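Here is my note on the aromatic contacts in this model. Please read it with the structure open.

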Amino acid sequence: MNKTTWNPNVKVRLIGEGLFNLLFWMYFPFLTVYFGKGLGLQTAGLIMALPPLISIVGSLTGGSFADTLGRRPVMLIGTFLQMTMFILFAVSSSPWINYVAFIGINIGAAFYRPASSAMIADTVPKDELRQVYATFMTVNNIGAVLGPIIGAVFFFQHRQLLLWTCAIVLFLYFITIYFIVSETLPVQSKQKDVTTPLKYAFQSKWSGYRLILKDRIFLLYVIAGTCSLFPVMQLDLYLPVYVIENVPKQPLVPHLLDSFQLTSQSIFGYLVGFNGLLFVILILPVTNRLKNWSERRLFVVSTLLAGGGTFLVGWNNNIWFLFGCTIIFTLGEIMRTPVTQSFIGHYAPEEARGQYLAADSLQNTLGKTLAPLAIYASGWIAPLGIFTIILLFAIIGACLYLQLFRLYSPT
């Protein structure tokens with residue numbers, strides 16, 4: 001599917017979401033530090049565990065209404081809610097009001113996302129979906145690379161300007177959706193009773209969760225995944241707190257007298273950008289290189305690399321040492337990504353694959369809920385102790401994976 005022949009709906013989404021994703025990565029990695037300074041690290045650690053749970057409700061609701069009201073109305077509502085919350089964030093000086101705004105942004109994004117994804121599936125031929133999704137992923141990863149580097153300056157020095165820019169971009173995107181994007185919901189899919197699919201969505205989700213409790217192997221898989229995700233998710237949670245509070249200003253190239261000096265905020269921005277760049281460059285070659293590795297080996301090694309690389313961050317504040325640590329834990333993240341998808345593909349029985357896929361998302365939800373506890377604990381535990389706890393989660397996850405494959409042998 002040549003990009004010049006793409007449906008206007010897809011083109012609008014690619015440009016609008018690509019630009020907003022860049023802005024997203026300019027503020028999101030620094031929110032934990034912001035709330036930590038305004039409310040205290042312990043409080044920040046607790047409240048950052050709430051958005052992932054609320055996002056589940058937003059996603060289920062948005063997906064249900066996308067199949068009844070239509071894709072376009074849901075996208076408009078989600079975009080308008082995010083725009084409104086960014087305005088609230090920009091004009092408020094209260095950390096608690098800003099936290100409410102952040103919750104609203106999460107709900108709006110979660111509400112928007114299912115309709116947006118469904119619109120692609122409605123519009124793009126099946127044999128060209130991979131190309132389209134790959135293009136969107138590439139654009140989003142560019143934002144993940146550049147956003148933190150730029151945001152390290154703008155978020156701390158020109159936060160209101162950044163937030164107003166996000167609001168303006170969303171306003172322009174809202175106008176563009178309203179005038180250019182057309183509805184793609186198939187006529188036969190419309191339902192009169194909006195509450196029925198919403199009720200079914202929640203029932204389906206909880207049905208998937210109940211399924212875990214009845215399947216010992218899958219329950220072990222989810223618990224192991226939750227533990228292994230604990231280190232991975234610290235990149236946006238404890239690591240910004242640690243780097244900004246403990247890593248001193250230093251030159252990028254120490255041996256050059258006129259070397260560019262980086263603040264702790266800039267150093268963290270470079271680390272997150274470097275993480276995104278490594279992911280873009282290495283995911284395909286690493287996946288191909290390790291295609292003959294067993295799932296057992298991939299799960300264990302990726303978990304230990306992610307935990308070990310994060311643990312090493314606490315041992316030295318030199319920027320190049322931190323870049324080395326970033327390479328290690330990013331490799332663990334890269335190795336994990338494809339194997340999680342393949343495991344469910346062959347483990348789940350064909351007649352219940354949808355339920356297993358729904359239940360599989362629980363490990364991501366639990367991981368996002370537990371990961372902020374590292375920030376909460378940092379209020380009374382020294383940094384090296386926090387990094388040790390992160391490593392312990394990784395070791396526990398690796399041990400659980402070993403136990404998992406003692407009970408289950410893929411055919």
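1. Start with the charges over rings. The charged end of Arg159 sits over the ring of Phe155, at 5.3 Å from the ring centre. Arg297 places its charged end over the ring of Trp293, 3.8 Å from the centre. The rule for a charge over a ring: NZ of Lys or CZ of Arg within 6 Å of the ring centre and within 35 degrees of the ring normal.

2. Basis of the values. This is a predicted model with residues numbered from 1 along each chain; local features need pLDDT of at least 70, side-chain atom pairs count only at pLDDT 80 or more, and totals for chains, interfaces and linings use all residues. Side-chain values use heavy atoms, with hydrogens and water left out.

3. Phe155 also belongs to an aromatic cluster. Other members include Phe30, Tyr34, Trp96 and Phe268.

4. Aromatic pairs number 31. Rings of Phe, Tyr and Trp (its six-membered ring) pair if their centres lie within 6.5 Å; planes under 30 degrees apart are stacked, over 60 edge-to-face, the rest tilted. Tyr27 and Phe86 pair edge-to-face, 5.3 Å centre to centre with 85° between the planes. Tyr27 is in helix α1 (residues 8-27) and Phe86 in helix α5 (residues 71-91), so the pair ties together parts 59 residues apart in sequence. Helices are DSSP runs (H or I, at least four residues), numbered from the N terminus.

5. Tyr27 is buried at 2% relative accessible area, and Phe86 is buried at 0%. Buried means under 20% (1.4 Å probe, protein chains only).

6. Phe299 and Tyr401 are stacked: 4.4 Å centre to centre, 15° between the planes. Both are buried.

Terms used
Helix = DSSP H or I, 4+ residues; strand = E, 2+ residues; numbered from the N terminus. Buried < 20%, exposed > 50% of the residue type's maximum accessible area, 1.4 Å probe, protein only.
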